[in-house]
Structure formats: C-alpha cells, structure tokens
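Please look at the sequence and the model below with care, and keep both in view while reading the report that follows.

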Amino acid sequence: AIPQDRCDLHVIQGPLTRGILARFDAERRPVLIRGGVTDGAREAFTRERMLAEYGGRKVKVGTFPYSESIIGTHHVDVKVSNFIDFAVRTAVSEEVVHVPYYAFLNNLLLPRQASATQTHAFIRSIGLLPLPVLEALDGLSGAGLQLSLGPPRAGAPVHYHVPAINSLVYGRKRWFLYPPDSTHQNTKEVIHWMSDMHATRSELLFEGGEVAFECVQQAGDMLFVPEPWGHAVLNLELSIGVAVEFSRVLEPHDQMLKAEL
C-alpha cells in the first residue's frame with residue numbers, strides 16, 4: 001500500500017495558470033495541480049452525460065492503450081454504454097480481473113482530424129481548461145484530445161510523447177514517471193509491468209539504478225507531464241480522465257504575431 005496523498009513531484013494548489021504551465025514546460029518538470037480540474041469538466045463527464053452523449057457509439061478497448069495496433073494484446077469493439085457498465089461492475093466486484101480492459105480514446109470526443117480551431121472550440125465549450133491556458137497552447141488537434149476510462153488495475157505502461165495536461169475528473173490513479181535521461185517505452189500490460197518493476201526495485205535502489213518518481217492523482221487533480229518524460233499509469237479506482245496534448249506553450253509575442261497574421 002502507498003499513501004493516498006503521495007507525490008514525489010512538485011505540487012501546487014489550483015487553478016492551473018498560464019504562467020505556471022509556461023514555467024514547468026520551459027523547465028521540463030512535471031507538476032501536480034491539486035484541485036485544478038474545472039467544474040465544467042466534472043459536469044461534462046458524469047456517467048449520465050457520458051451515456052447521453054456517447055453511449056451508443058462503438059469504440060475499441062483493450063488490455064493496452066491502442067491494443068489493436070500492438071501484436072499480442074487483446075481488444076474488442078464495444079458500445080460505450082456497455083463498457084461503462086463493465087467498468088462499474090469490475091470496480092465493485094470481489095473477483096479480481098487480472099488484466100482488465102481499458103478505454104483509451106482519441107476519437108470519441110472529436111474526430112482525430114479535427115483542426116486546432118475545432119479542438120479549441122470544444123475544449124472551451126465544456127470549460128476543460130482555463131481560457132488563458134487554452135489560448136497559450138500551440139499544436140492542438142483532435143488526436144491530441146484523449147479520454148481514458150477504466151476500472152481498477154487498468155492503465156498504460158511506460159511511454160512518452162509531446163507535453164500533456166492530464167485532468168482526472170473521477171477516480172484515483174497512480175503515476176510512475178521517468179526523467180528524459182532514462183525515458184523509455186514498453187509493450188507490456190501495466191499490471192504485469194508493475195510486477196516486474198517491483199521485483200527489481202530493491203536491487204535498483206542499492207545499485208544506484210533509475211527508480212521512477214511516483215505520484216497519486218486524486219479526482220480533481222491535473223498533472224502536467226512535459227516532453228519527453230516517460231510515464232506509466234495505473235488506475236487505483238474506476239477512473240475517467242481527459243488528456244490534452246500539444247506541441248508547446250506560446251509566448252505572448254507569438255500570440256501577437258498570430259493575431260496580426
């Protein structure tokens with residue numbers, strides 16, 4: 001067991017501001033923003049709203065994010081409503097599902113090919129990010145807006161990508177983060193990866209090897225992960241999260257130039 005409030009990263013109290021984001025993006029340091037998730041996001045992703053907006057849609061879910069593209073992993077096509085029912089049943093069941101299915105979707109909220117303008121408009125319409133923060137993000141697209149939904153023990157193994165603001169709307173997640181000089185990726189389900197990691201953890205500690213920073217993200221927290229920090233995520237509870245990926249934080253003079261163009 002780990003403390004519910006453990007976080008080895010820098011922690012600040014919300015809300016997320018443009019200045020905070022620019023600082024940690026420039027320094028390439030992750031930061032946890034306690035209570036940073038907006039009321040709009042909480043309202044947009046209740047079970048009732050999810051079922052009403054997306055319940056009839058078919059999506060691919062698997063034991064690994066984007067399982068359909070990874071050899072040896074399992075995936076199925078399922079309605080969102082049925083997957084939500086599965087996640088809720090799994091969360092309250094006394095029977096342990098060793099490798100539960102996980103919905104990790106970048107085409108549910110918006111089409112992947114949605115433009116930056118369309119993506120901005122959607123994020124603004126549900127109030128997912130404070131407006132000054134949203135206006136500072138460059139390189140947004142529909143593919144960079146990702147929704148994750150899954151029961152306990154679901155999650156993602158170590159991977160890395162462009163900077164991302166991860167909002168945990170409901171639930172609780174355990175993060176493992178690796179700095180740029182030790183970043184890496186693997187294709188093993190997170191629960192199996194964790195077993196392997198803990199088997200070697202003590203040896204690493206004594207030999208001076210790389211041990212991940214850990215952080216427990218509570219419902220309502222935002223976690224900013226800069227490029228190219230590696231990270232793995234494990235759901236501790238039934239969780240719904242939304243990630244916004246982007247290429248960089250715009251400087252004020254960049255925005256002025258864009259306005260003039």
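In which order do the 7 strands of the open sheet lie? The order is β1-β2-β12-β9-β14-β7-β5, and the pairing is mixed; helices (H or I, at least four residues) and strands (E, at least two) are DSSP runs, numbered from the N terminus, and two strands pair if DSSP finds at least two bridges between them. This is a predicted model, in which local features need pLDDT of at least 70 and side-chain atom pairs count only at pLDDT 80 or more, while totals for chains, interfaces and linings use all residues. Residues are numbered from 1 along each chain as its sequence is written, and side-chain values use heavy atoms, with hydrogens and water left out.

The edge strands of the sheet are β1 (10–13) and β5 (103–105), each of which pairs on one side only. From one strand to the next the twist averages 20°. Strands of a sheet pair through backbone hydrogen bonds, either parallel or antiparallel. Strand β9 (residues 164–170) and strand β14 (residues 239–245) run antiparallel and are joined by 6 bridges, and Leu-168 has Gly-241 in β14 as its bridge partner.

Turning to the helices, the axes of α3 (residues 47–54) and α4 (residues 80–92) come within 9 Å and cross at roughly 155°, where axes are lines fitted to C-alpha atoms, for helices over the stretch in contact, and angles run from 0 to 180 degrees between N-to-C directions. The helices α3 and α4 are therefore roughly antiparallel to each other (angles under 35 degrees count as roughly parallel, over 145 as roughly antiparallel, 65 to 115 as roughly perpendicular and the rest as oblique). In α3, Arg-47, Met-50, Leu-51 and Tyr-54 meet Val-80, Ser-81, Ile-84, Asp-85 and Val-88 in α4, contact meaning heavy atoms within 4.5 Å.

The structure also holds 6 aromatic pairs, in which rings of Phe, Tyr and Trp (its six-membered ring) have centres within 6.5 Å, with planes under 30 degrees apart counted as stacked, over 60 as edge-to-face and the rest as tilted. Two of them are set out here.

| Pair | Type | Centre to centre | Angle between the planes |
|---|---|---|---|
| Phe-83 and Phe-86 | tilted | 5.5 Å | 35° |
| Phe-176 and Trp-193 | edge-to-face | 5.3 Å | 75° |

Phe-83 and Phe-86 are 3 residues apart in helix α4, and so they are separated by about one helical turn. By contrast, Phe-176 in strand β10 (residues 172–178) and Trp-193 in helix α7 (residues 190–207) are 17 residues apart, and their pair links distant parts of the chain. Both Phe-176 and Trp-193 are buried (under 20% relative accessible area, with exposed over 50% and partly exposed in between, for a 1.4 Å probe and protein chains only).
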